[in-house]
Amino acid sequence: AQRILINARTAKKRGIKDKDRVCVESSVGKVTGIAKVTECIHPEALGISSHFGSFAKGKPVAYGKGANLNKLLPFDTDPVSSGVDSCVGVKVYKEL
């Protein structure tokens, strides 16, 4: 199953343990998922795969599984490249 990666020290500060259900919230949306506590990610970042949490029923492997990263991203295109930034400020907390 796809997990939301969180740094071990950051998780400890927030009372999050491996396999806890967590909420990740941005200014435009919120997703939930299962925490993967690891040293392999920066303490000020989270890791969410963009391959799962799909809403498309034609994707049976990804449909409804995992957190949908797009729900956290404001639609704000770069004026030079017209790309959409996939980095956004969020807060993470243990789901009650």
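Colleague: Which residues touch the most other members of the largest nonpolar core?
Modeller: This is a predicted model, where local features need pLDDT of at least 70 and side-chain atom pairs count only at pLDDT 80 or more, while totals for chains, interfaces and linings use all residues. Numbering starts from 1 along each chain as its sequence is written, and side-chain values use heavy atoms, with hydrogens and water left out. A nonpolar core here is a set of buried (under 20% relative accessible area, 1.4 Å probe, protein chains only) Ala, Val, Leu, Ile, Met, Phe, Trp, Tyr and Cys residues joined through side-chain atoms within 4.5 Å. The largest one has 14 residues, and those touching the most other members are Ile16, Val24 and Ile48.

Colleague: Which residues does isoleucine 48 touch?
Modeller: Contact means heavy atoms within 4.5 Å. Leaving aside residues up to four places away in sequence, isoleucine 48 touches Gln2, Ile4, Val24, Val31, Ala67, Leu69 and Leu72.

Colleague: Does strand 1 run parallel or antiparallel to strand 4?
Modeller: Strands are DSSP runs (E, at least two residues), numbered from the N terminus, and two of them pair if DSSP finds at least two bridges between them. Isoleucine 6 of the chain stands opposite leucine 46 in strand 4. Strand 1 and strand 4 (residues 46-47) have 2 bridges, and the sense is antiparallel.

Colleague: And how many bridges join strand 1 to strand 3?
Modeller: Here asparagine 7 stands opposite threonine 38 in strand 3. The two strands run parallel, and the bridges joining them number 4.

Note on methods. Buried means under 20% relative accessible area, exposed over 50%, partly exposed in between (1.4 Å probe, protein chains only).
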